[in-house]
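This report describes a predicted model.

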Amino acid sequence: MTAKLDEKLDIDHLRRWIGRSNQASGIVTAQIVKGLRATLFMEIGEPKVGDAAPWTVHWCLAQPVYPMSELGPDGHPTRGDFLPPVPLPRRMWAGGELEFFSALCVGDEVTRTSRIADVAMKTGSTGVLCFVSVDHLVTTPRGTALRERQDIVYRDMSRAQPSATTKPAPAPPVATHRESHMADPVLLFRYSALTFNGHRIHYDRDYVTRVEGYPGLIFHGPLQAAFLVEFGAKLHGGAAPKKFSYRGLQPLFEGSEFSVNASETPAGMELWTANSAGQPTMKGTATW
């Protein structure tokens, strides 16, 4: 299987997309802010012009819009335009890094400039993986609001579920700070709607179980990251971290409780989301 994938995954061709860029703009509206606050279990309020939005509201702005005829079988746009045409069928948000400079506010006109930074192939225990890193610069008329690196991973459709030889999970870490919520389909739908994300793994149970082989709907990577950023900010008087780096460890599925966790470190904080068994699904480090 690996040899066949290596043959059709022409990394030299895909690396030609490095340096490709695009730009999009959008406006932070009160409705978007209310929707995101509700989805992140924050106080909704009545946001007015000039009020600060949640720190990751940029993921709700200026998302690509393609005709239905140009969507792939997974609900994402067909690859080969801005993102390289990676032939591996499964796509996941693997992690990234955020640098916050100032809050986005209701009424702001926001511009996002994106650039393909790297395309790399790796082979691991789950088979062939292709990583695409995208750099984003988010600005307003006041200047730079944040910088971001987004890491996307593509892999084959095989090995969707853990093998029978998977080692027992280690004891879950103990958090200094913790809050828990339910990962239900409505939460996932709301975030997909806010971010105009058509990826079927988040809302189409027949697709995600029968085609991609997962046991249930999958919690969005950026939604987990958003919970971590807001939790860290809440523990620091509302201030976002100067830098937040994170990576996904395993899928988080709908249908059970999940937790958002944090512990202080000499440099800042370690933060993680965890499934109902307490096992981390996304880990991050933050500095202020």
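## Helix 3 and its buried face

A residue is called buried when its relative accessible area is under 20%, exposed when it is over 50%, and partly exposed in between. In helix 3, which spans residues 30-39, the buried residues are Ile 32, Val 33, Leu 36, Arg 37 and Thr 39. Viewed down the helix axis, these residues fall within an arc of 165 degrees, so they line one face of helix 3. An α-helix has 3.6 residues a turn, so residues three or four places apart point the same way.

The cover over the buried residues of helix 3 includes strand 1 (21-27), helix 4 (185-194) and helix 6 (221-234). Just after helix 3, Phe 41 adopts a positive phi of about 60 degrees.

Arg 37 belongs to helix 3. Leaving aside residues up to four places away in sequence, Arg 37 touches Met 42, Glu 43, Ile 44, Gly 45, Pro 47, Ala 52 and Pro 54.

Ile 44, one of the residues that Arg 37 touches, sits in the loop between helix 3 and strand 2 (90-100). Ile 44 counts as partly exposed because its relative accessibility is 36%. With residues up to four places away in sequence again left out, the contacts of Ile 44 are Lys 34, Arg 37 and Ala 38. Val 33 is 11 residues from Ile 44 in sequence, and their C-alpha atoms are 8.1 Å apart.

## Helix 4

The buried residues of helix 4 are Leu 187, Leu 188, Tyr 191, Ser 192 and Leu 194. Down the axis of helix 4 they fall within an arc of 165 degrees, so they too line one face of their helix. The face turned away from this buried side carries two exposed residues, Val 186 and Phe 189.

The buried residues of helix 4 pack against helix 3, helix 6, strand 6 (177-183) and strand 8 (256-264). Helix 4 is in turn among the elements covering the buried residues of helix 3.

## Gln 224 in helix 6

Helix 6 includes Gln 224. Is Gln 224 buried or exposed? Gln 224 is buried, because its relative accessible area is 4%. Not counting residues up to four places away in sequence, Gln 224 touches Phe 219, Leu 252, Thr 273, Thr 281 and Met 282.

## The cavity

How many cavities of 30 Å³ or more are there? The count comes to one. The largest cavity holds about 40 Å³ of space.

The lining of the largest cavity is formed by Ala 24, Ser 25, Gly 26, His 58, Leu 61, Ala 62, Val 110, Thr 111, Arg 112 and Val 138. Strand 1 and strand 3 (109-124) each contribute at least two residues to this lining. Strand 1 is also among the elements that cover the buried residues of helix 3.

## Salt bridges

Side chains of opposite charge can pair when their charged atoms come close. The structure contains 11 salt bridges. One of these joins the side chains of Arg 142 and Asp 108, at 2.8 Å from N to O. Arg 142 is in the loop between strand 4 (127-140) and strand 5 (143-155), and Asp 108 is in the loop between strand 2 and strand 3, so this pair ties together parts that are 34 residues apart in sequence. Arg 142 counts as exposed at 52% relative accessibility, whereas Asp 108 is buried with a relative accessible area of 9%.

A further salt bridge pairs Arg 178 with Glu 257, whose closest N and O atoms are 3.9 Å apart. Arg 178 lies in strand 6 and Glu 257 in strand 8, so the link connects parts that are 79 residues apart in sequence. Arg 178 is exposed, at 52% relative accessibility, and Glu 257 is partly exposed, with a relative accessible area of 36%. Asp 204 and Arg 200 also form a salt bridge, with 2.9 Å between the closest N and O atoms. Arg 200 is partly exposed, with a relative accessible area of 27%.

How values were computed
Residues numbered from 1 in each chain as written. Predicted model: local features only at pLDDT ≥ 70, side-chain atom pairs only at ≥ 80, totals over all residues. Heavy atoms only, no water. Buried < 20%, exposed > 50% of the residue type's maximum accessible area, 1.4 Å probe, protein only. Helix = DSSP H or I, 4+ residues; strand = E, 2+ residues; numbered from the N terminus. Arc of directions from axis to C-beta. Contact = heavy atoms within 4.5 Å. 1 Å grid on protein atoms, 1.4 Å probe; cavity = no way out; pocket = protein on both sides within 12 Å on 5 of 7 lines; lining within 4 Å. Points joined across faces, edges and corners; volume = space filled by probe spheres on them. Salt bridge = Lys/Arg side-chain N within 4 Å of Asp/Glu carboxyl O.
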